[in-house]
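Visitor: I am new to this structure. Can you show me how to read it, step by step?

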Amino acid sequence: MLRRALRLGLGRGLLGRGLGTWRGDSTLDWDGKVSDIKKKIQSVLPGGAWNPLYDTSHLPPEHSDVVIVGGGVLGLSVAYWLKRLEKRRGAIQVLVVERDYTYSQASTGLSVGGIRQQFSLPENIQLSLFSVDFLRNINEYLAVVDDPPLDLQFNPSGYLLLASEKGAAIMENNVKVQRQEGAKVCLMSPEQLRNKFPWINTEGVALASYGFISSSNRMETASGEEVTLKRIHEVHVKMDRSLEYQPVECAIVINAAGAWSGQIAELAGIGKGPPGTLQGTKLPVEPRKRYVYLWHCPQGPGLETPFVIDSSGAYFRREGLGNNYLGSCSPTEEEEPDPGNLEVDHGFFQDKVWPHLAQRVPAFETLKVRSAWAGYYDYNTFDQNGVVGPHPLVVNMYFATGFSGHGLQQAPAVGRAVAEMVLEGSFQTIDLNPFLFSRFYLGEKVQEHNII
Amino acid sequence: MAAPKASLHLVAPIWKGGPRGIRGLSRTVAPEGNQRKGRTVLQFLADRFYDVQALREYLLRKQVSKVHQKNRSFTYVKEQYGPYIAAAYFVLKQGGAVKFQGQEWMRPNGRGRFSLEFFKFQAVPVEAVDASGCAINYQGLDNLLALKELQSLSLQRCPHVDDWCLSRLYQLAGSLQELSLAGCPQVSERGLACLHHLQNLRRLDISDLPAVSNPGLTQILVEEMLPNCNVLGADWAQGLKLGPEEQSQDTARSIPA
């Protein structure tokens, strides 16, 4: 302190010499040294992880109550709710492990970002309703004193689903279920659709729906055969770009790894066994590549455009003020692209997406694609619905994955459900028992019809 | 408005708003750099001591719950006296003004007191509501959405009215003719997109919305969305200025009206 003050005083006195030259003269770099000494003292005092041989401050801690594999929206949501629902302040230690801090391949950042309540399963509708509630009151949940309030840039324009003749009955049924659960949806006929949105070509549309937002735990070992239950004791967290790893002892592991959840489950030994048994049931979540295209159309639909999902599976939404639109279409099973990389196939837009878009919105016949990207769906090949809850055999692994394109929409509610499962032992607010892992072994599909 | 026939160069508007703290939603706070240096003693203490941090979080939660309390829904009043009285009571309690059909404007006096004589107007619909500056939010709108004959709604300078609230206004589409959102700090162009349901709207005021990124362009898009409505707001040429050669010509001759 004294030295610095002296330096300043002398520096001002001498003309023509900046402070920089004075500082460059001194050989002691005080600021750097002081912070080093502080770090050393902190690591020695109790409470810090002290390793006398070498500095381990860059490694994760050696013990943690819960380790969450995957730092996307689902993993972070589970972490948030675990800390929020804990009984005492600081009761649970949570470690979130994410292998890519740039999130360059994470589905969270690459998603189109829509949230809707038009599902066919009541559980999915409940999940979306709570997530919308969460997003609306996000400043009450996530507010930090003295920080500016969060701005979600949310566009509350709603979703518009179009159905052809074949799908009209299913859509009516779905709307009934949605209304029962409390979602605000209305059905429109083609004339009403034309009145409201004059830029739509209603040829082939029979009906439109406009919406403004663990079953059986019993495992029958009928013939009394032995069931071995396994536990995960340690998670080895390998550091980025180096060979060192830290074994983290943990009580619970949560698999929220999105598209790579299948690989994580295999690491835990799930699926290693004769097929047809519970030991041999794999987690059926695999990465599927989906493209998103951004185009500009000067005469396109106006500011009031909702997120439109056509009966052919193509969808689009408006982005910003400049007549830009985001959209795409899910490929059929035969045309699934190779998920090895995230390269974009522009031919897919030309052949599969543009014809449907141009047929539904004639203004889209003239458009110019500005950019495109690809992202992964954590696709559940069994029934395209999420997997939530513990694994029957590996008793401390919980899943929060497999949402096949709806992870972002349902993340807050699913996070809360998993946190309740971990802390209380059962689902308290939304009953997600149909989404447990055991349905893969029992063969009970919970099919969601409104998947895009 | 006579637009000068000149080459207009677009001047990027300088957005003066910085990150706004939760405390003062209607005042701007200095940008990030200043915030680092000018940290108050309280913030410094809160970073150091858990007690101070817990106290500040408690005060923040109390503030939020105060707003919630103001926006509770008056279901008892609604059941006993009907939706019009409930809405009027709600607005007057918040500090706004309400006008029944055929009556004068009723507003609380300087101390927030108002007479309860409007309780006899059970069958008289409410025609206009002026909730300027009130702490009305998404939940509080519940009380207002039952007014099926509401013609004029003014939500000027309401700090908690945001895009989500605007997405609820479609329920008033049958009767609403005049809407004013001037000065609401949380309304952005995405909320304005939800106003296309209000087909009976004749007068819409969207001036001075700090969260709208491009006021001139937004005004044009809203005018396209609501063709029968007179949209007041940003002057569409506000971000533009005359080119240098046309400027001198302009002063030389007068523009015919």
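Guide: Let us begin with a hairpin. This is a predicted model. In chain A, strand 13 (residues 387–390) and strand 14 (residues 397–401) pair in the antiparallel sense, over four bridges.

Visitor: How many residues lie between strand 13 and strand 14 of chain A in the hairpin?

Guide: Six residues lie between strand 13 and strand 14 of chain A. For one pair to find, take Pro390(A): its bridge partner in strand 14 of chain A is Tyr398(A).

Visitor: What holds paired strands together in general?

Guide: Strands of a sheet pair through backbone hydrogen bonds, and they run either parallel or antiparallel.

Visitor: In what order do the eight strands of the open sheet in chain A come?

Guide: The order is 4-5-3-9-10-11-8-12 in chain A, and the pairing is mixed. Strand 4 (185–188) and strand 12 (368–380) of chain A are the edge strands, each pairing on one side only. On average, neighbouring strands of this sheet are turned by 20° against each other, direction ignored.

Visitor: Which strands of chain A pair with strand 8?

Guide: Strand 8 of chain A pairs with strand 12 of chain A over twelve bridges, in the antiparallel sense. There, Val292(A) stands opposite Trp373(A) of strand 12. Strand 8 of chain A also pairs with strand 11 (residues 324–329) of chain A, antiparallel, over four bridges. Tyr293(A) has Gly327(A) in strand 11 of chain A as its bridge partner.

Visitor: Is strand 8 of chain A buried or exposed?

Guide: Ten of the twelve residues of strand 8 (residues 285–296) of chain A are buried, so this strand is largely enclosed by the rest of the structure. Across chain A, buried residues make up 48% of the 452 residues.

Visitor: And strand 3 of chain A, how does that run against strand 5 of chain A?

Guide: Strand 3 (residues 159–163) and strand 5 (residues 207–211) of chain A run antiparallel, joined by five bridges. Leu162(A) has Ala208(A) in strand 5 of chain A as its bridge partner.

Visitor: Now the helices. How is a packed pair described?

Guide: Two packed helices are described by the angle between their axes and the distance between the axes. Take helix 4 (residues 73–84) and helix 12 (residues 407–424) of chain A: their axes come within 8 Å and cross at roughly 40°. That angle makes helix 4 of chain A oblique to helix 12 of chain A. The crossing of helix 4 and helix 12 of chain A is right-handed.

Visitor: Which residues meet there?

Guide: From helix 4 of chain A, residues including Val73(A), Leu74(A) and Trp81(A) take part. In helix 12 of chain A, Ala411(A), Val418(A) and Leu423(A) are among them.

Key
Residues are numbered from 1 along each chain as its sequence is written. Chains are lettered from A and ligands numbered from 1 in the order in which they are written. This is a predicted model: local features need pLDDT of at least 70, side-chain atom pairs count only at pLDDT 80 or more; totals for chains, interfaces and linings use all residues. Side-chain values use heavy atoms; hydrogens and water are left out. Buried means under 20% relative accessible area, exposed over 50%, partly exposed in between (1.4 Å probe, protein chains only). Two strands pair if DSSP finds at least two bridges between them. Helices (H or I, at least four residues) and strands (E, at least two) are DSSP runs, numbered from the N terminus. Axes are lines fitted to C-alpha atoms, for helices over the stretch in contact, and angles run from 0 to 180 degrees between N-to-C directions. Angles under 35 degrees count as roughly parallel, over 145 as roughly antiparallel, 65 to 115 as roughly perpendicular and the rest as oblique. A crossing is left-handed if the near helix is turned anticlockwise from the far one by less than a right angle, and right-handed if clockwise. Contact means heavy atoms within 4.5 Å.
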